[in-house]
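Biologist: I have a model open and would like to go through it with you. Can we start?

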Amino acid sequence: MKLEDLKHAGLKKWVQEAVALMTPDAVEVCDGTQAEYDRMIKITVEAGLATPLNPEKKPGCVLYRSDPSDVARVENRTFIASEKESDAGPTNHWTPPAELKKTMSALYKGSMKGRTMYVIPFSMGPVGSDIAKIGVQITDSAYVVANMHIMTRVGMKVLEVLGEDGIYVPCFHSVGKPLDTLTLDSREGKRSFKEIDNGKWPCAPMEKKYISHFPETREIWSYGSGYGGNALLGKKCLALRIASVLARDEGWLAEHMLILKLTNPQGEVKYVTGAFPSACGKTNLAMLIPTLPGWTVETVGDDIAWMKFGADGRLYAINPEAGFFGVAPGTNDESNYNAMRACEKNSIFTNCGLTEDGDIWWEMIGHGAPGKEIIDWKGNKRPAPQKDKSPKGEEIAHPNARFTAPAKQCPCIAKEWEDPKGVPISAFLFGGRRPKTVPLVNQAKDWEHGVFMGSIVGSEVTAAIISDQVGQVRRDPFAMLPFCGYHMGDYFKHWLTIGAAHDESKLPKIFFVNWFRKNSDDKFIWPGYGENSRVLAWIFDRCDGKGKSVDTPIGILPTADAIERPDGVSEADMAELLKVDVEGWKKEIADVRKNHYPKFGDKLPKELHAQLDAIEQRLNA
Ligand code: GTP
Ligand code: SPV
Ligand code: MN
């Protein structure tokens, strides 16, 4: 569709201003059709950026390799530009909005030269539902358009809902690599031709990347990266950073949470959400196949939950996304059968290995690679691996290689996954990668205790972030550290206010889980994946006030025999997984008191300090 045909005057004006600034060669309004998707793939194949996979192995699939500097979210280059610094808080990078806009406008000037500007109208949440939010992203990346087609609902239906004056979140995106017209002097005279990407993933150097949010004006400006959460602006930027601000103002919750449907052998259903930091197991838990007979798990969402209260006083969750942008390495038929089926057709792969027979490959895919050679994520030919492992630093697939797959292709997608009413939530899970101290599962004594425990969650940093802290434990409250669009102290307050304003008996129960405890040989003690169903079953029962439990200084734990042991987990292992490590927790509490809570200054709710004192007293008793 052409720009002139846009009926929304404000939107048209906004795009025209962007065109004047970024000076693309052409402008296209996206219609969300299959033909458009196919054309985006074709354009990137012709530019040497994409490789179509063998249709007999992966029909309708394509592989991209990004620039080695552009492989994950860039937290150091992510900004919350609220008017006041104190509104962004100590855990966000802040710049005054006017200054940031000035810097970025200079970068956007002429940044789309030689490229097409795509205007993507998208809906987070089912189109037209009360709970959905509309965004319009302009981008110069056909890769981004194709991914947005899968991850969100794109096109004319969205423009219809927007009408002539509807509200949308304006999102600027440019990869920051204009294409020049080159002039060549030859014997035949001067010849001009247009520069092409020619196989080189377009992006800007790190110091010029900016992922910026303007919470007061509800705008997103992204420059210099084409990867994942930096570039697919409906996801972390809109559905979390901007939505968290809306949620605070309007009394709801926008969280970095999976949503799953759990059915017990009696056919009773409960819906559970879970917040774990990036690459800590949300997609896997959302799609798990229980090893416990008679139980089933179905998926509503794998990364983001928007939750609002219903007239019955219960909290209802929707998944604002339409696809999965999942971590590829470690995904295999054993660990996540359903994700493997979801991405076996019509999917996009980024930074995976390419086998001789035109298929993708990654570490821990479950088998070696066929043939003699494989092409790694950097485009280099390497000997085809016999086993599915590689030494650290020499991976064939980047550790943050991803698949983009339509949610509707997932065999275990719940029938209600697009229900605009959402699903009523019985339990919240929080967790992270903690090799020590934190037990397998621990129920909060009440809402306030749960908020306290959520506020101190820690996890090892994973490859989902470009950072020199990878592998180190950092505090990641509510798994929202990089995604909260305002002061984290106010965010804690918002959670406490929600608890105080609603009938606690109808609120979800809060649990903390840790699948990542390690023994002295650095091996995981708990087998994880499908075996996590044993923990889910205990949680299910606890929601009904059942399930054998013991009250401890840190929370409510299962008794030694409450969770049936899976193969390979000894009685001693189970005791270790469920032990209250008093000394470890004392250190934990001391660290929170000294290094974590002081960051929030007088914005730290007094209730959380009281919780800290109380747990310390219980540990010392
Ligand atoms: P984002 O998409 O970054 O938000 O990540 P996510 O939270 O959805 O993580 P995901 O489920 O993709 O898992 C990331 C990595 O953790 C993969 O390599 C998984 O194989 C691994 N993993 C997931 N669940 C478990 C588990 O129960 N135990 C162990 N040991 N590893 C797990
Ligand atoms: C995460 O990092 O939590 C992700 C991947 O889900 S990204 O979309 O890149 O943010
Ligand atoms: Mn995520």
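Biologist: What pLDDT does the chain average?

Modeller: This is a predicted model, where local features need pLDDT of at least 70, side-chain atom pairs count only at pLDDT 80 or more, and totals for chains, interfaces and linings use all residues. The chain averages a pLDDT (the predictor's confidence in each residue, from 0 to 100) of 97, and 100% of the residues score at least 70. Residues are numbered from 1 along each chain as its sequence is written, and side-chain values use heavy atoms, without hydrogens and water.

Biologist: Which protein donors does the manganese ion (ligand 3) have?

Modeller: Lys236 (NZ), His256 (NE2) and Asp303 (OD), lying 2.2 to 2.3 Å from the ion. Donors are N, O and S atoms within 2.8 Å of the metal (3.2 Å for Na, K and Ca); water is not among the atoms, so sites may look incomplete.

Biologist: How are the donor residues spaced in sequence?

Modeller: The spacing is K-x19-H-x46-D.

Biologist: Are Lys236 and His256 buried or exposed?

Modeller: Both Lys236 and His256 are buried, meaning under 20% relative accessible area, with exposed over 50% and partly exposed in between (1.4 Å probe, protein chains only).

Biologist: Now the domains. How far apart are the C-alpha centres of domain 1 and domain 3?

Modeller: They lie 29 Å apart. The domain bounds come from an automatic or database domain assignment: domain 1 is 3-30 + 72-250 and domain 3 is 324-409.

Biologist: What area do domain 1 and domain 3 bury between them?

Modeller: About 850 Å², 69% of it on carbon and sulfur atoms. Buried area is the accessible area (1.4 Å probe) that two parts lose on being put together, summed over both. Ile150, Met151 and Tyr227 supply 56% of the area that domain 1 buries against domain 3.

Note on methods: Chains are lettered from A and ligands numbered from 1 in the order in which they are written.
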